[in-house]
Amino acid sequence: ANDPGKLRSRSKHFELRFMVIQELVQRALVSMVYVPTKYQLADLLTKSTTAATFTRLMPILTGYSRFDHSRYAS
């Protein structure tokens, strides 16, 4: 979304969604923030994880703890 020139022919079906998100980024309504792999919440629902990963991510997923995105903003 931060680089409008990166559409490829195989991903044209994403073009409309991409353009909407790109517009939101340009209007500063949404910001794209890097999240390191070890803090990807979707991994709890899509991959088998270790007990350590589960223990680290579950409080964030349930809302008991907050993930500090500002640490990774450029």
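Ile 21 is partly exposed, with a relative accessibility of 39% (buried is under 20% relative accessible area, exposed over 50%, partly exposed in between; 1.4 Å probe, protein chains only). Ile 21 belongs to helix H1, residues 15-26 (helices are DSSP runs of H or I, at least four residues, numbered from the N terminus).

## Basis of the model

The model is predicted: local features need pLDDT of at least 70, side-chain atom pairs count only at pLDDT 80 or more, and totals for chains, interfaces and linings use all residues. Residues are numbered from 1 along each chain as its sequence is written, and side-chain values use heavy atoms, with hydrogens and water left out.

## Salt bridges

The count of salt bridges is two, a salt bridge being a side-chain nitrogen of Lys or Arg within 4 Å of a carboxyl oxygen of Asp or Glu.

One of them pairs Arg 27 with Glu 23, with 3.2 Å between the closest N and O atoms. Arg 27 is exposed at 52% relative accessible area, and Glu 23 is partly exposed at 41%.

Asp 43 and Lys 47 also form a salt bridge, at 3.5 Å from N to O. Here Asp 43 is buried at 14% relative accessible area, whereas Lys 47 is exposed at 51%.

Notes: Helix = DSSP H or I, 4+ residues; strand = E, 2+ residues; numbered from the N terminus.
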